[in-house]
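Dear colleague,

Please find below the structure that I am handing over to you, together with its sequence. My notes on what was found in it follow.

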Amino acid sequence: MWGGRVGALLRVRRLQPAGVSGRTLLSCNAVSQAGSSSPRCWNCGGSGGAGREDGFFCPRCRALQPPDPTRDYFSLMDCNRSFRVDTTKLQHRFQQLQRLVHPDFFSQRSKTEKDFSEEHSTLVNDAYKTLLAPLNRGLYLLKLHGIEIPEGTDHEIDRQFLTEIMEFNERLAEAQSKDAVEEIESTVRARQKELIDSASQAFEQVAPS
């Protein structure tokens, strides 16, 4: 019930469900165990666990290691597991990671490292896109807490909320000038912020990080 309400709060513009990446998501317990094991480096056989630079390179031979399966998007992007995300910091982290693992920087390395760089780069892109968008971020956070919101469940959304969305669409369709469109956009943005703040408060109260 709560999950449905939060999902509704996140669907502010056009109500188009945006799915979360198809990667297998981790439970809270699984994530909390991250770093409990110390995998060996595939290249030199040395310990590649906690000593890895930012979780990517072997501290001994500097070979790129495979993605850590226990690491969720929030950990990867150096964010608190919360609906409130500093998007400027998120963007900087994205750029930092791409400078570390982008395939262009591994063109002269072994095939193994090239493959790992592709996996890392794809994972970083998925994490960035998911955490950047409020809807995707909320759905991902809910999933980490074991709450699923299947696509195509908009009929459970509050009727008043649906009516509000329909009214915005009607006003937009009837707008006769640029000023009218901009006024509607301003109203929608204000409403969006209000609903996102409400969703954030719901996460903080029911599913704290």
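**Findings**

Of the contacts in the chain between residues at least 6 apart in sequence, 65% join residues at least 24 apart; contact means heavy atoms within 4.5 Å. Please note that this is a predicted model, in which local features need pLDDT of at least 70 and side-chain atom pairs count only at pLDDT 80 or more, while totals for chains, interfaces and linings use all residues. Residues are numbered from 1 along each chain as its sequence is written, and side-chain values use heavy atoms, with hydrogens and water left out.

The chain has eight helices and zero strands; helices (H or I, at least four residues) and strands (E, at least two) are DSSP runs, numbered from the N terminus. Of its 209 residues, 37% are buried, where buried means under 20% relative accessible area, exposed over 50% and partly exposed in between (1.4 Å probe, protein chains only). The chain exposes about 12,200 Å², of which carbon and sulfur atoms supply 47%; the areas come from the Shrake-Rupley method with a 1.4 Å probe, and for residues only the protein chains shown count as cover.

The largest nonpolar core has 31 residues. Such a core is a set of buried Ala, Val, Leu, Ile, Met, Phe, Trp, Tyr and Cys residues joined through side-chain atoms within 4.5 Å. Phe74, Leu76, Met77 and Leu131 have the most contacts inside the largest nonpolar core. The elements that give two or more residues to this core are H3, H4, H5, helix H6 (134-144) and helix H8 (178-206). Leaving aside neighbours within four places in sequence, leucine 131 is in contact with Tyr73, Phe74, Met77, Cys79, Leu90, Arg137 and Tyr140.

Helix H4 (residues 87-101) has 15 residues and should span 21 Å at 1.5 Å a residue, which agrees with the 21 Å between its end C-alpha atoms; the expected span is 1.5 Å times one less than the number of residues. Buried in H4 are Leu90, Arg93, Phe94, Leu97, Gln98 and Val101. They lie on the same side of H4, because they cover an arc of only 135° around the axis; the arc is that of the directions from the helix axis to the C-beta atoms. These buried residues pack against helix H3 (73-76) and helix H5 (111-132). At the start of H4, a side-chain oxygen of aspartate 86 comes to within 3.1 Å of the backbone nitrogen of threonine 88.

Histidine 120 is in helix H5 and counts as buried, at 3% relative accessibility. Not counting residues up to four places away in sequence, histidine 120 touches Phe56, Leu64, Gln65, Pro66, Pro67 and Val101.

In helix H7 (residues 159-174), Phe161, Glu164, Ile165 and Phe168 are buried. Their arc around the axis is only 95°, which puts them on the same side of H7. The face turned away from that buried side carries the exposed residues Arg159, Gln160, Met166, Ala173 and Glu174.

Most residues other than glycine have a negative phi. Arginine 62, in the loop between helix H2 (28-32) and H3, has a positive phi of about 70° and is partly exposed, with a relative accessible area of 36%. Aspartate 78, in the loop between H3 and H4, has a positive phi near 60° and is partly exposed at 43% relative accessibility.

Yours sincerely

Key: A polar contact is a pair of N or O atoms within 3.5 Å; within protein, one must be able to donate a hydrogen and the other to accept it, and residues adjacent in sequence count only if both atoms are side-chain atoms.
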